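Let's walk through this one together, question by question. Have the sequence and the model open beside you.

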Amino acid sequence: MLVVSAALAVVVVLAAAACGEGSDIGGGAAAGGSPQSEGDPAGDRGADRPVVQVPSEGGPLPFLDPDAEPSTALGRLRAQHLPVWTSDFDWAFPPEACDTAWELDGIAEPTAGADIGVMGDFATAAALTVMRYEHQFSRALADPNPLAQLCVATAMVDPARTNDLTVLASYLAAGARRSEPAAYPDEVWILAVSPTAAVAVACVTPGYPAVMGVEGETIELAQSPTRLQAYLLSVSRGLEDQVADISYRVSNAAHRPADDCGELEAWAVEWNGHVQTWIDEGQIWEPLGAILTADAICESPPPDGPDECPKDWPL
């Protein structure tokens, strides 16, 4: 048996925390204020790069990486949320760097009062959000690099964003990577929606954590064959420009190991019970019970959008 280094031990502990051990992922999304415009151009790397106007959001937060030296307003915004700095954050455009939808800013926050109709078919948008979350995070852990933090951030907001970026930062520090390629659930159940959030469940394979390599060695980590996952999706707005980009983002998650995906229906029943509890407490939720598959999304995209096929995402 190979000896697990202290750095890897940190990775394992953080990886377990990233999946959200608790059963309560919350009953709603936090509200966000309206941006104040600021004419400060960022992203001036060249004529082929978009010019980004970063709104002013009050006093700046400290940079998470003490060695960060951003040179643009966009970079300064990202340095407040992404823990390992790279100069790519001064200009990188998420659709180019991460193969994401064009309307996804790297940095977003939950918002209230937004019209979810701008997302098109909200059930399809919610299913794509879950698939994107699993794809971007698993892709980042399979090929850890500083720019991958931006890709992870396109799929989530806090607290999930901070939790998962902490895990990715620990992979970068330890030189670790997952042996499995990027993956996403083929089927997502959208259980309920509220004016600012949605609850979804899915079965994810393989389970978590996975086999990973550290400093040239392969370490076998205990894992279950599958993982039952629940997601709180928050209606969010992008902060990287003055365009009011609205999307669902994963804001919290909870999981349970499982032997196979046959347990997904029971998992859905359990989370429907949580939703009913929130309704009984006076929260506004509408049970939905929609089941969407990647095949259906790709073969029959809704006429009002979103028009995106997970099968086109890189592995």
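Q: Is Cys 203 buried or exposed?
A: A residue is called buried under 20% relative accessible area, exposed over 50%, and partly exposed in between, using a 1.4 Å probe and protein chains only. Cys 203 has a relative accessible area of 10%, so the label is buried.

Before we go on, a word on the source: this is a predicted model, in which local features need pLDDT of at least 70 and side-chain atom pairs count only at pLDDT 80 or more, while totals for chains, interfaces and linings use all residues. Residues are numbered from 1 along each chain as its sequence is written, and side-chain values use heavy atoms, with hydrogens and water left out.

Q: Where in the chain does Cys 261 lie?
A: Helices (H or I, at least four residues) and strands (E, at least two) are DSSP runs, numbered from the N terminus. Cys 203 is in strand 6 (residues 197-204), and its partner is 58 residues apart, so to speak in a distant part of the chain.
A: The relative accessible area of Cys 261 is 39%. That value makes Cys 261 partly exposed.

Q: What is the handedness of the disulfide between Cys 98 and Cys 151?
A: The two sulfur atoms of Cys 98 and Cys 151 are 2.2 Å apart. The torsion about their S-S bond is about -80°, so this disulfide is left-handed.

Q: How many residues apart in sequence are the parts tied together by Cys 98 and Cys 151?
A: Both cysteines are buried. Cys 98 belongs to helix 3 (residues 94-98), and Cys 151 to helix 5 (residues 148-153). The parts they tie together are separated in sequence by 53 residues.

Q: Is the link of Cys 298 and Cys 309 left-handed or right-handed?
A: The sulfur atoms of Cys 298 and Cys 309 are 2.0 Å apart, forming a disulfide. With 90° about the S-S bond, the link is right-handed.

Q: What is the pairing of the bonded cysteines in sequence order?
A: The protein has 3 disulfides by the distance rule. Numbering its bonded cysteines along the chain gives the pairing 1-2, 3-4, 5-6.

Q: Which residues does Glu 134 touch, leaving out those up to four places away in sequence?
A: Glu 134 is in helix 4 (residues 122-142) and, at 5% relative accessibility, counts as buried. Contact means heavy atoms within 4.5 Å. By that rule Glu 134 touches Ala 183, Tyr 184, Pro 185, Val 204, Arg 227, Gln 229 and Tyr 231.

Q: How many residues of strand 9 are buried?
A: Strand 9 covers residues 226-238. Arg 227, Gln 229 and Tyr 231 are among those pointing one way, Leu 228 and Ala 230 among those pointing the other, and both sets are buried.

Q: How many bridges join strand 9 to strand 10?
A: Two strands pair if DSSP finds at least two bridges between them. Strand 9 runs antiparallel to strand 10, with Val 235 opposite Tyr 248. The number of bridges joining these two strands is 12.

Notes
Disulfide = S-S within 2.5 Å.
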